[in-house]
Amino acid sequence: MLTTQAMMAPQPTQDAEENVYRVVERIYKQHYYTPPNRTKPVAMPLPDLSKVVDFEASHPNLFEIDLKENQHYIDSLQAYNRECSGLDLPPLEQWRVYGLKGYDGFMYIRRLIAPEQQYYWMERCIKDYPNPPNITNLKALYGDDAGTDLWLRRKEPDSMLNKLAWCTLGYQYDWTPRKYHKQQPVAFPPDIASLTTLVAHATGSGPYLPEAAIVNYYKKDGNMGGHLDNAEYEMKKPIVSISFGCDAIFLLGGETRAIEPIPLLLRSGDVMIMGGRSRYCYHGIARVMSDNTPEHIKHCEQEEYKDLCSYMKGRRLNINTRQVFERE
Ligand SMILES: O=C(O)CCC(=O)C(=O)O
Ligand SMILES: [Fe+2]
């Protein structure tokens, strides 16, 4: 997978029929144009969003999934997780889980992470995860320590916070050969491990060992090109993907770019489980909806999170985890 446009390998030109993924991506992407009497480009108006699947509304391709069968196991796991990292998730019977027709193994949990908890995760993403020994996109450009204390140093003239695009946790993925380094991984954050293990168990994908994660930092109107995540040796285990900040239009495509992708609206606090067929499908972020900063971020009432929330206006964060190696 590729996180910044700068890192994207040039794509061979394909006609529209072969690359319908790209065609749909262009529809939703933020475009700019420079009117004749202006010097600065202006944003084009929003495209028609009526085809975007919104998990907050009903849609013929969505169906609700009942997880109650796993209740006993999840109760104990949840108690354990709450103790070790204070994840304050709703009880399982309140989880609203959706499946998507045609994508066996794909699940979407709506509003799993309450606004209060979202502040915690956004703070971790911005203040902690980019610090060494974790690796960020800044390392290749500015050296090993470039990701250190980005938040504390945000007001310094040479602050690099705005250039942060991704950080990798656990087993380090090397973008050039597109492989994982098998050497001793960097310690995986226990809070992300608890949350994603719990989600995987609750949705029937346990045991799950999150061994690598990517945190993506999207700027205003940002996007991520369509890609496959197929570098993991274990592909039967899902990618667990969590959204924070502005809404985004995610495209879930097929096994090739010739299959038309479905646009999905991802919202802050929602969790997506890309398992089964969807684990092998092209996907990406066509657009961050920067005008839709959620209320609890736009008008944060909590003193300690006000600065963080003001930074998050127009932005989006995503944490996604992978089990890299086959076990048992
Ligand atoms: O930001 C997202 O929701 C998608 C991220 C993604 O696909 C990736 O990092 O591989
Ligand atoms: Fe991906």
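Rings of Phe, Tyr and Trp (its six-membered ring) pair if their centres lie within 6.5 Å; planes under 30 degrees apart count as stacked, over 60 as edge-to-face and the rest as tilted. With that in hand, we can start with the rings. This is a predicted model, in which local features need pLDDT of at least 70 and side-chain atom pairs count only at pLDDT 80 or more, while totals for chains, interfaces and linings use all residues. Residues are numbered from 1 along each chain as its sequence is written, chains are lettered from A and ligands numbered from 1 in the order in which they are written, and side-chain values use heavy atoms, leaving out hydrogens and water.

The structure holds nine aromatic pairs. One of them joins F55 and Y108, whose ring centres are 3.7 Å apart with planes at 5°, so this pair is stacked. F55 sits in the loop between strand 3 (53-54) and strand 4 (62-65), and Y108 in strand 6 (residues 106-110), so the pair ties together parts that are 53 residues apart in sequence. Helices (H or I, at least four residues) and strands (E, at least two) are DSSP runs here, numbered from the N terminus. F55 is buried at a relative accessible area of 2%, and Y108 is buried at 1%; buried means under 20% relative accessible area, exposed over 50%, and partly exposed in between (1.4 Å probe, protein chains only). Ring pairs also bring in Y98, linking F55, Y98 and Y108 into a cluster.

Another pair leads us to helix 3. Y119 lies in helix 3 and Y305 in the loop between helix 6 and helix 7, so this pair ties together parts 186 residues apart in sequence. Both residues are buried. Helix 3 itself (residues 115-128) has 14 residues and reaches 19 Å from its first C-alpha to its last, close to the 20 Å expected at 1.5 Å a residue; the expected span is 1.5 Å times one less than the number of residues. Among its buried residues are W121, M122, C125 and I126. The buried residues of helix 3 pack against helix 5 (190-202), strand 11, strand 13, helix 6 (295-298), helix 7 (306-312) and strand 18, where contact means heavy atoms within 4.5 Å.

Strand 18 (residues 316-322) deserves a look of its own. Seven of its seven residues are buried, with R316, N318, N320 and R322 on one side and L317, I319 and T321 on the other. Strand 11 (residues 212-218) runs antiparallel to strand 18 and is joined to it by seven bridges, with N216 partnering N318. Strand 13 also pairs with strand 18 in the antiparallel sense, over six bridges, and here V240 partners T321. Two strands pair if DSSP finds at least two bridges between them.

Next comes the metal site. The iron ion (ligand 2) has H227 (NE2), D229 (OD) and H283 (NE2) as its protein donors, 2.1 to 2.2 Å from it. Donors are N, O and S atoms within 2.8 Å of the metal (3.2 Å for Na, K and Ca); water is not among the atoms, so sites may look incomplete. Along the chain, the donors follow the spacing H-x1-D-x53-H. D229 is buried at 4% relative accessibility, and H283 is buried at 6%.

Finally, the cysteines: the structure holds zero disulfides, a disulfide being a pair of cysteine sulfur atoms within 2.5 Å. The sulfur of C167 is 7.6 Å from the closest cysteine sulfur, in C125, which is too far for a bond.
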